[in-house]
Amino acid sequence: MTIWIEVAVKTLALLLMIPLAALALGYSELKIMAHMQSRVGPMEAGKFHGWAQLIADGLKFIQKEDVIPEAADRSVFALAPVLSLISAFLVFAVVPFGSGQRFWFFNLDIGLFYALAVSAISVLGVLMAGWSSANKYSLMGGLRAAAQLMAYELPLVLAAVAVVIQAGTMSLVGIVEAQANFSILGIPVPYVVPQFAGFVIFVIASVAELSRTPFDMPMAESELITGPLTEYTGFRFLFFFMAEYAGMFALSAIAATIYLGGYWLPGVPDNIAPAVGPVALVAKTGLIAFFLIWIRSTYPRLREDQLQKFAWKVLIPISLVNILVTSIAVVFVSDVQG
Amino acid sequence: MRVGRWFAKGDGLPSYFSQYITVALIGLAAIGMVGFMLGAGRIIRPSNPSADKSLTYECGVDPIDGNWAQTNIRYYLFALLFVVFDVEAVFVYPWATMMRSLGKSGLVEMIVFIGILAMALLYAWKKGILAWD
């Protein structure tokens with residue numbers, strides 16, 4: 001019976017955490033981008049540096065009319081944002097937040113594979129939204145999104161294969177434990193050191209998977225009026241927004257877990273490790289998320305052909321070579337074992 | 001209760017099974033929450049439909065010629081290429097997990113497998129599929 005209570009508590013915690021993570025990241029992005037552009041960003045809502053800005057936005061969205069265009073395919077149109085959000089939800093389930101059973105939402109033995117698989121469902125949401133909107137620009141945006149997400153899904157998945165080879169397991173908890181036992185020349189280092197090429201590919205592909213600048217061709221405000229999302233209003237629009245930020249948090253957390261050691265920190269004694277774990281993971285996740293925001297305010301948008309070329313001609317070949325080099329190293333060099 | 005006993009066990013197939021039940025539960029909870037949010041919103045938000053409002057917005061001007069638009073055929077080719085490599089990824093993952101125990105023979109087999117797929121990519125490259133004119 002206790003196991004059911006545990007599952008219920010974990011599920012509830014997850015339900016609370018996702019909107020919170022989306023709000024925190026959304027607000028950080030508003031503020032960080034503002035300061036990078038010599039602005040102050042939101043300052044009014046909630047008195048202290050506009051911390052309540054996104055909560056106010058959310059409350060406003062709830063009060064807006066739910067307009068569905070006459071020409072739209074109603075059921076597909078209504079389902080698309082829900083699918084995007086649920087896909088972001090399911091990724092969260094496997095992120096290990098600390099050592100000890102209590103902090104894992106659950107430890108699936110194919111954790112990494114599962115995370116990449118469910119995050120790919122969001123492609124369907126975007127494609128459905130673009131298709132059902134009865135809008136030429138949305139359709140083009142949906143197709144661009146589908147082509148882009150497919151092209152960058154491959155480097156993402158193939159970069160992660162090299163990590164699996166090195167760790168010898170697909171479980172995210174197992175990968176963290178493998179990193180805890182890994183060292184180069186006696187110095188304990190996370191996988192970002194031996195897998196640096198993979199890490200760079202993974203982060204670039206994550207940006208593309210999230211359709212964030214410089215890979216925001218599907219959204220392209222100036223030409224496609226936010227592409228697949230043009231016809232959405234009120235709460236359904238908010239769902240896409242939440243799915244983007246929750247997805248950003250989830251992918252950053254996965255990258256932090258498989259490359260930066262996740263909840264593990266070197267030299268932390270076992271008795272306080274369960275308490276340090278979640279803090280370490282959130283800090284590492286925040287670091288990667290900050291980098292994604294930084295990229296957004298630094299680079300201009302890539303053209304459709306440029307981003308396809310970059311995925312197929314640069315990232316995929318490099319990630320294939322990365323797999324081969326890693327597997328040869330694992331078989332022939334004993335230092336890499338561990 | 002059979003399911004209850006599966007949950008109570010700590011190892012082997014039963015716990016394996018319980019992990020997937022948890023996934024299903026989280027999925028159901030997510031659907032529940034999304035449904036609740038949409039349902040609660042229905043009470044609060046206004047609903048004043050009109051003919052003009054339910055017209056496709058597009059870019060603010062009344063839409064011309066419905067929602068069909070011409071697009072580049074390359075999207076289709078990219079989708080085909082994607083299927084080749086995504087299926088590859090599905091086969092590579094189990095190998096990657098078992099890499100250590102398969103050793104050198106596993107390595108050679110995977111080099112052959114990835115080599116054939118790399119040739120497919122090279123072929124597409126030479127054919128000019130990856131370039132946009």
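**Exercise 1. The contact between chains A and B**

Work out how many residues each chain brings to the contact in this predicted model, and how much area is buried between chain A and chain B.

*Solution.* Start with the residues: chain A gives 80 and chain B gives 64. Next, take the area: about 6600 Å² is buried between the two chains, and carbon and sulfur atoms give 76% of that. Now look at chain A's share, where Glu65(A), Lys136(A) and Trp312(A) supply 11% of the area that chain A buries against chain B, more than any other three residues. Finally, count the salt bridges between chain A and chain B: there are zero.

**Exercise 2. Salt bridges**

Find how many salt bridges the structure holds over all chains, and say which parts Arg296(A) and Glu29(A) tie together.

*Solution.* The total over all chains is two. In a salt bridge, the side chains of Arg296(A) and Glu29(A) meet at 3.1 Å, N to O. Arg296(A) belongs to helix H11 of chain A and Glu29(A) to helix H1 (residues 2-36) of chain A, so this pair links parts 267 residues apart in sequence.

**Exercise 3. Two crossing helices**

Describe how helix H10 (residues 234-259) and helix H11 (residues 273-296) of chain A are placed relative to each other.

*Solution.* First the geometry: the axes of H10(A) and H11(A) come within 8 Å and cross at roughly 120 degrees. That angle makes H10(A) oblique to H11(A), and the crossing is right-handed. Then the contact: H10(A) contributes residues including Tyr245(A), Met248(A) and Phe249(A), while those of H11(A) include Leu281(A), Ile288(A) and Arg296(A). By class, the contact residues split into 11 nonpolar, three polar and two charged.

Methods:
Residues are numbered from 1 along each chain as its sequence is written. Chains are lettered from A and ligands numbered from 1 in the order in which they are written. This is a predicted model: local features need pLDDT of at least 70, side-chain atom pairs count only at pLDDT 80 or more; totals for chains, interfaces and linings use all residues. Side-chain values use heavy atoms; hydrogens and water are left out. Axes are lines fitted to C-alpha atoms, for helices over the stretch in contact, and angles run from 0 to 180 degrees between N-to-C directions. Helices (H or I, at least four residues) and strands (E, at least two) are DSSP runs, numbered from the N terminus. Angles under 35 degrees count as roughly parallel, over 145 as roughly antiparallel, 65 to 115 as roughly perpendicular and the rest as oblique. A crossing is left-handed if the near helix is turned anticlockwise from the far one by less than a right angle, and right-handed if clockwise. Contact means heavy atoms within 4.5 Å. Ala, Val, Leu, Ile, Met, Phe, Trp, Tyr, Cys and Pro count as nonpolar, Asp, Glu, Lys and Arg as charged, and the others, Gly among them, as polar. Buried area is the accessible area (1.4 Å probe) that two parts lose on being put together, summed over both. A salt bridge is a side-chain nitrogen of Lys or Arg within 4 Å of a carboxyl oxygen of Asp or Glu.
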